[in-house]
Amino acid sequence: MTSDQGEGHTEPPTSDIAERTGDGSSVPGADDADIGTNPWDRFGWVMATIWLLFLAFPIMAVYQSDHSLLVRVFAIGGVLLYAAVYVAGFVRLGSTETAAQATRVGVTHLSVLTLLILAVVPVLGPWVLSLVVFLVALSAFTLPLRWAGVVMVLALATAIIWPAMIGEFDSMWFFVAIILGVGVGNGLVRVLEERQTAHRALEDERQLAAERDRVARDVHDVLGHSLTVITVKAELAERLIEVNPEQAQHELAQIQALTREALAEVRATVAGLRVARLDDELERAAAALSGAGISAELPTGTSAVDPRHRIVLAWVLRELVTNVVRHSAATRCQVLLGGSWIRVTDDGVGVPEGATGHGLRGVAERIGCGTLSITTGAGGRGTEVTATLDPDAEAPESARTAGEQAGSGGNRSAGTATDQLEPRATTHG
């Protein structure tokens, strides 16, 4: 004698549990997208019909009893009606959207089932406990857990006391085990499904927050870099407007181009289409540093960089160069690239103790499980920032050593030497 959910059914209707939290609130976004009807909403009740096969035993007991034909027909009709009401309860349960609606369905159908059980007691006697099992199963998925627990306790008490009073407990003890298994099993499934639903809702919120952070970070990187360059060029154009009008006009034309490019990048970023290319960012870095009057030493190529890391390192390069232009007051900036790391060194004013702007936080978020080292530059002057994507990778010994190997050839002069560097271990400060 088994039930739909407790003794064979392991997946309750989604609309009852999988789309509702314990407090009756709907899961965010559950109805926002047309993803089709959940199969459990339409066909979950079929599981109830499978386990109703066990009602053949009480029907056979009635048929073989000594009662009159009229009584037997009445009792069999009651059992069949009981089965129909039980299945109808699960069918209606599949169309509910909140816990309150499920509870109303449960109370209604459980009340009718209880009346039907009482109606066939004179014929089935204590063997009517075979119907009580289905009562416990339906209550586990329609009522609040505490109410379902009360139903199970009452059913257990009946299964123990009634057979004991008539001296039949030795032959009917298995009803206690079945009712206990159905109640505990279905209750456990109910709890796990509700926890899964809550976890799914939290995961959806986490993904939404992560997407918001991504857009905010990308927009900051795009606008921060572009507006910094625009500001530098606008100041330069202001100084040149009387001294060299043609050069000032050229700078203004570049400002127009930069604003259009920045607008296009913001639109692409919001749409999730923005992908930074390392080669392009090296060119932008050269232009930004040159416009700010900073001597640049940049790699001439990106062949030394692992293709898997180029997109992330491109974003990191953009942010670090923007910080140099905006905050460092430097006269020289050097960029080194390795297989999974980037190092940007300047001879500016350095980073104040404990200073971490949104840009550096964005860099730390982009490199994920990697490391971000911010130290004082060579000779105790300026800033040296190293971002490593692969925790097992090694960074170059120092920016000064690399600069000496590359020589001081001005903009992009350190490219060949940088591409040939053998990274060595570094101590992060």
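This is a predicted model: local features need pLDDT of at least 70, side-chain atom pairs count only at pLDDT 80 or more; totals for chains, interfaces and linings use all residues.

Me: What is the average pLDDT?
Reply: The protein averages a pLDDT of 74, pLDDT being the predictor's confidence in each residue, from 0 to 100. A score of at least 70 is reached by 73% of the residues.

Me: Where is confidence lowest, and where highest?
Reply: The lowest mean, 33, belongs to helix α16 (residues 415-419). Strand β2 (residues 332-337) has the highest, at 92. Helices (H or I, at least four residues) and strands (E, at least two) are DSSP runs, numbered from the N terminus.

Me: Over which residues does pLDDT stay under 50?
Reply: Residues 1-35 are one such stretch, and the model has 106 contacts for them beyond four places in sequence. Residues 399-429 also stay under 50, with 70 contacts beyond four places in sequence. Contact means heavy atoms within 4.5 Å.

Me: How many helices and strands are there?
Reply: The protein has 16 helices and 5 strands.

Me: And how much of the protein is buried?
Reply: Of the 429 residues, 45% are buried. Buried means under 20% relative accessible area, exposed means over 50%, and partly exposed lies in between (1.4 Å probe, protein chains only). As for contacts between residues at least 6 apart in sequence, 72% join residues at least 24 apart.

Me: Let us turn to helix pairs. At what angle do α6 and α7 pack?
Reply: Their angle is about 175°, and their axes are 10 Å apart. That makes α6 roughly antiparallel to α7. Axes are lines fitted to C-alpha atoms, for helices over the stretch in contact, and angles run from 0 to 180 degrees between N-to-C directions. Angles under 35 degrees count as roughly parallel, over 145 as roughly antiparallel, 65 to 115 as roughly perpendicular and the rest as oblique.

Me: Which residues make that contact between α6 and α7?
Reply: Among them are Ala102, Gly106, His109 and Leu113 of α6, and Leu131, Val132, Leu135 and Ser139 of α7. The residues of this contact divide into 10 nonpolar, 6 polar and no charged. Here Ala, Val, Leu, Ile, Met, Phe, Trp, Tyr, Cys and Pro count as nonpolar, Asp, Glu, Lys and Arg as charged, and the others, Gly among them, as polar.

Me: How do α7 and α8 pack?
Reply: Helix α7 (residues 129-142) and helix α8 (residues 145-165) meet at about 165°, with their axes 9 Å apart. The two are therefore roughly antiparallel. The contact includes Leu129 and Val136 of α7 and Val151, Met152 and Pro163 of α8. Its residues comprise 10 nonpolar, 2 polar and no charged.

Me: Are α12 and α13 roughly parallel or roughly antiparallel?
Reply: Helix α12 (residues 278-291) and helix α13 (residues 310-328) pack at about 5°, their axes being 9 Å apart, and they are therefore roughly parallel. Glu281 and Arg284 of α12 are among the residues in contact, as are Arg310 and Arg318 of α13. This contact has 11 nonpolar, no polar and 4 charged residues.

Me: Now single residues. Is Val105 buried or exposed?
Reply: Val105 counts as buried, at 5% relative accessibility. Val105 lies in helix α6 (residues 99-124). Apart from neighbours within four places in sequence, Val105 is in contact with Gly89, Arg92, Leu93 and Thr96.

Me: What about Thr108?
Reply: Thr108 is also placed in helix α6, but counts as partly exposed at 42% relative accessibility.

Me: And where is Ala248?
Reply: Ala248 is in helix α11 (residues 245-270) and is buried at 3% relative accessibility. Leaving out residues up to four places away in sequence, Ala248 touches Ala237, Leu240 and Ile241.

Me: Last one: what is the phi of Ala329?
Reply: Ala329 has a positive phi of about 55° although it is not a glycine. Most residues other than glycine have a negative phi. Ala329 lies in the loop between α13 and β2 and is exposed, with a relative accessible area of 65%.

Note on methods: Residues are numbered from 1 along each chain as its sequence is written. Side-chain values use heavy atoms; hydrogens and water are left out.
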